[in-house]
Amino acid sequence: MKAAFDPSLLLFVPADRPERYAKAIASGATGAILDLEDAVSPDRKAFAREQVRAFLAAGDDRARTAVRINPADGPEGVADLAMLASAPSAAAIVVPKANDRADLERVSDAAGDVPLIAIVETARGVVNCERLAATAHVLALAFGPYDLAAELGGDTSADVMLPHRARLLIAARAAGCLAIDGPSREYGDPAIPARDAEHAKRLGYDGKLLIHPAQLAPVRAAFAPTADEVAYARRIVDAAARANPAVLDGTMIDPPIILAAERVLRRVGA
């Protein structure tokens, strides 16, 4: 959409574990998120920043590396942004607890025109998600169910989170951004992230964040179109190219059907 970086299957890795960076990037995910926020204890934040700086300076895998900063209005976030401003650019900056446009503009003012992935995980963020999606440099909105549920006093069940997940998706689509679902907490049972990913896919989400390499295979499989879906999408696109309006198997092929078919083909790189 707004950048070549593909955020559809990003794997979090604690930023204070530099020995895991390359493994995360090579895992088969579309990229890695070096996490300076929740995955790093307060006493290791400075160490983690230096590891991220060194990795970005090395330059080998910057094109597939995002960095999640601490909240930009706090001291750790300010230090994160100062580090990123002085280092070679990552492919994207992940902004946690994005509440309003000012949170994102603060990041861009410090780090330049690096693509942003805004995590919507607060009530204010949901209320302002349309403004967040329309902010300059935003590549994607990511849904954060756990912090949101804690603030709302509810739980993270799919039915409970559905209105908020759907609103974020609509905001992203209206602004031309990607919509990425938050991670599943479970990774021991592959059926659970697969179920969650299938739900996100059915809504229209573009991908899902990952917290463990074991989640990659079931989530990728859930988002991948079946062979029958790909074949039918190709038939739709071919029929539309031959006639306007087109009819396929007794069904009128109108623009929404073509758009859906083209989206299926994009998922497989066709």
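The UniProt annotation "binding site", from an unreviewed entry, covers Glu121 and Asp147; such positions are given in the numbering used here, feature names are shortened, and annotations may be inferred rather than shown by experiment. The two residues span 27 residues in sequence, yet no two of their C-alpha atoms are more than 5.6 Å apart, so they gather at one spot. This is a predicted model, in which local features need pLDDT of at least 70 and side-chain atom pairs count only at pLDDT 80 or more, while totals for chains, interfaces and linings use all residues. Residues are numbered from 1 along each chain as its sequence is written, and side-chain values use heavy atoms, with hydrogens and water left out.

Glu121 lies in the loop between strand 5 (116-120) and helix 5 (123-127), where helices (H or I, at least four residues) and strands (E, at least two) are DSSP runs numbered from the N terminus. With a relative accessible area of 5%, Glu121 is buried; buried means under 20% relative accessible area, exposed over 50%, and partly exposed in between, with a 1.4 Å probe and protein chains only. Not counting residues up to four places away in sequence, Glu121 touches Pro96, Lys97, Gly144, Asp147 and Leu148, contact meaning heavy atoms within 4.5 Å. Another glutamate, Glu37, sits in the loop between strand 2 (31-35) and helix 2, and is buried with a relative accessible area of 5%. Among the residues that Glu37 touches, leaving out those up to four places away in sequence, are Arg68, Asn70, Pro96 and Lys97.

From here we can turn to an aromatic pair. Rings of Phe, Tyr and Trp (its six-membered ring) pair if their centres lie within 6.5 Å, and planes under 30 degrees apart count as stacked, over 60 as edge-to-face and the rest as tilted. By this rule the count comes to 1 aromatic pair, formed edge-to-face by Tyr21 and Phe55, with 5.1 Å centre to centre and 85° between the planes. Tyr21 lies in helix 1 (residues 21-25) and Phe55 in helix 2 (residues 45-58), so the pair ties together parts that are 34 residues apart in sequence. Tyr21 is buried at a relative accessible area of 2%, and Phe55 is buried as well, at 16%.

Thr65 has its place in strand 3 (residues 65-68) and, at 0% relative accessibility, counts as buried.

The last stop is the backbone. Most residues other than glycine have a negative phi, and most peptide bonds are trans. The peptide bond from Asn244 to Pro245, however, is cis, with omega near 0°, and Pro245 is found in the loop between helix 11 (227-242) and strand 9 (246-248). His137, although not a glycine, has a positive phi of about 75°; His137 is found in the loop between helix 6 (129-133) and strand 6 (138-143), and counts as partly exposed at 34% relative accessibility. Asp249, too, is a residue other than glycine with a positive phi, near 50°, and its place is the loop between strand 9 and strand 10 (251-253), where Asp249 is exposed with a relative accessible area of 55%.
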